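Dear colleague,

I am passing on the structure we spoke about, and my notes on it follow below. Please read them with the model open beside you.

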Amino acid sequence: MDPNAAPPDPTLPAPDDGPVRVLIVSRVCFLRECLAEIFARDSLISLVGTCGDVADIMLVSADLRPDVVLLDAGFADGAAAISRIHHAVPEARFAVFAVTETETEIISWAEAGAVGYIPSSASVTDLVRLAVSIHRGEQ
């Protein structure tokens, strides 16, 4: 353990609190399905659902209660989408995937309410680790 590390945030779930409940949001069906298959293979993630648009999320989010909502960076008007989804799922942490790592892009998503991101350069093996770190507030 690093003696210089910041103490854990008590408001975040501990690593042993069970799998991270993830909701995937993308208009691209095959992308949602591929991510769902990847997350289904790992015990650290519990995929609670996939949605193709914000209206779907509004209908199901209260029942699904995701810890992390992963939003496709290609989502039209993503900043507004985060705001609308946050009203439906205020306890969830928002992350954007397939982000181009430019300062402008990252700042724009952070200002919209995203607490983390998965870059477009991330590998399949990085996905679970990044989703869990976002949930824990480590990104």
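**The second largest pocket**

The second largest pocket is lined by Leu31, Leu35, Ile38, Phe97, Ala98, Ile118, Pro119, Ser120, Ala122, Ser123, Val124 and Leu127. Please bear in mind that this is a predicted model. Sorted by class, the lining holds ten nonpolar and two polar residues, with no charged residues, and the space in the second largest pocket is about 160 Å³.

**The protein as a whole**

The protein has five helices and five strands, which follow the pattern β-α-β-α-β-α-β-α-β-α when read along the sequence. Of its 139 residues, 39% count as buried, and the accessible surface of the protein comes to about 7,700 Å², with 54% of that belonging to carbon and sulfur atoms. Among contacts between residues at least 6 apart in sequence, 64% join residues at least 24 apart.

**Ser133**

Is Ser133 buried or exposed? Ser133 counts as buried because its relative accessibility is 11%, and the cut-off for buried is under 20%. When its neighbours within four places in sequence are left aside, Ser133 is in contact with Glu138 and Gln139.

Conventions: Residues numbered from 1 in each chain as written. Predicted model: local features only at pLDDT ≥ 70, side-chain atom pairs only at ≥ 80, totals over all residues. Heavy atoms only, no water. Helix = DSSP H or I, 4+ residues; strand = E, 2+ residues; numbered from the N terminus. Buried < 20%, exposed > 50% of the residue type's maximum accessible area, 1.4 Å probe, protein only. Contact = heavy atoms within 4.5 Å. Areas by Shrake-Rupley, 256 points an atom, 1.4 Å probe, with all protein chains shown as cover. 1 Å grid on protein atoms, 1.4 Å probe; cavity = no way out; pocket = protein on both sides within 12 Å on 5 of 7 lines; lining within 4 Å. Points joined across faces, edges and corners; volume = space filled by probe spheres on them. Nonpolar A, V, L, I, M, F, W, Y, C, P; charged D, E, K, R; others polar.
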